Amino acid sequence: MGNSCIPEKKGSIFCIILSIWGVIMLVILGILFSTGHQGNIGDIGDKKPKSLARDLYIAAGIYLVFLIGCSFRYKQVTRRERYKELVVNNEEFDEFAIN
């Protein structure tokens, strides 16, 4: 709302793209760890690969929640912009305009 560095629509799109990437990457890593193909990942310390895969799936779920939230925000901003265009372009609403 108002002046900001990042417009709401572009910020929502960025959040959606970042969330999609996070979900895809974390699910792929979770699959690699759950099947035992984590050879190129490096040292995982004392954690077992199966528990690490579960943690990655949980993180992917969190990113999915952010993806849903950002999508709703994008839809809300888009609807608001359409409503503003409707009000501005429709002459019936000119008498109710606030100056």
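Select helix 1 to begin: its 28 residues reach 40 Å from the first C-alpha to the last, close to the 40 Å expected at 1.5 Å a residue, where the expected span is 1.5 Å times one less than the number of residues. Helices here are DSSP runs of H or I with at least four residues, strands are runs of E with at least two, and both are numbered from the N terminus. The model is predicted, so local features need pLDDT of at least 70 and side-chain atom pairs count only at pLDDT 80 or more, while totals for chains, interfaces and linings use all residues. Residues are numbered from 1 along each chain as its sequence is written, and side-chain values use heavy atoms, with hydrogens and water left out.

**The whole chain**

Zoom out to the whole chain, in which there are 2 helices and 0 strands. Of its 99 residues, 18% count as buried, a term that means under 20% relative accessible area, with exposed meaning over 50% and partly exposed in between (1.4 Å probe, protein chains only). The chain exposes about 8000 Å², of which carbon and sulfur atoms supply 65%; the areas come from the Shrake-Rupley method with a 1.4 Å probe, and for residues only the protein chains shown count as cover. Among contacts (heavy atoms within 4.5 Å) with a separation of 6 or more, 67% are accounted for by residues 24 or more positions apart.

**Along helix 1**

Next, select S12, I16, S19, G22, V23, L26, L29, G30 and F33, which are buried in helix 1. As background for reading such a list, an α-helix has 3.6 residues a turn, so residues three or four places apart point the same way.

Centre the view on S19, which belongs to helix 1 (residues 8-35) and is buried, at a relative accessible area of 3%. A polar atom of its side chain lies 2.8 Å from the backbone oxygen of C15. Once neighbours within four places in sequence are set aside, S19 is in contact with Y63, F66 and L67.

F14, also a residue of helix 1, is by contrast exposed, with a relative accessible area of 55%. Just after helix 1, G36 takes a positive phi of about 85°.

**The disulfide**

Which residues form a disulfide? Show C15 and C70, whose sulfur atoms are 1.9 Å apart, against a cut-off of within 2.5 Å for a pair of cysteine sulfur atoms. C15 lies in helix 1 and C70 in helix 2 (residues 49-89), so the pair ties together parts that are 55 residues apart in sequence. The structure holds 1 disulfide. C15 is partly exposed, with a relative accessible area of 23%, whereas C70 is buried, at 11%.

**Helix 2 and the annotated spans**

Move along helix 2 to T78, which is buried with a relative accessible area of 11%. A polar atom of the T78 side chain lies 2.8 Å from the backbone oxygen of Y74.

Finally, colour residues 12-36 and 56-74, which an unreviewed UniProt entry annotates as "transmembrane region"; such annotations may be inferred rather than shown by experiment. Residues 12-36 are 96% helix and 0% strand, with end C-alpha atoms 36 Å apart. Residues 56-74 are 100% helix and 0% strand, and their end C-alpha atoms lie 27 Å apart.

Definitions and conventions:
A polar contact is a pair of N or O atoms within 3.5 Å; within protein, one must be able to donate a hydrogen and the other to accept it, and residues adjacent in sequence count only if both atoms are side-chain atoms.
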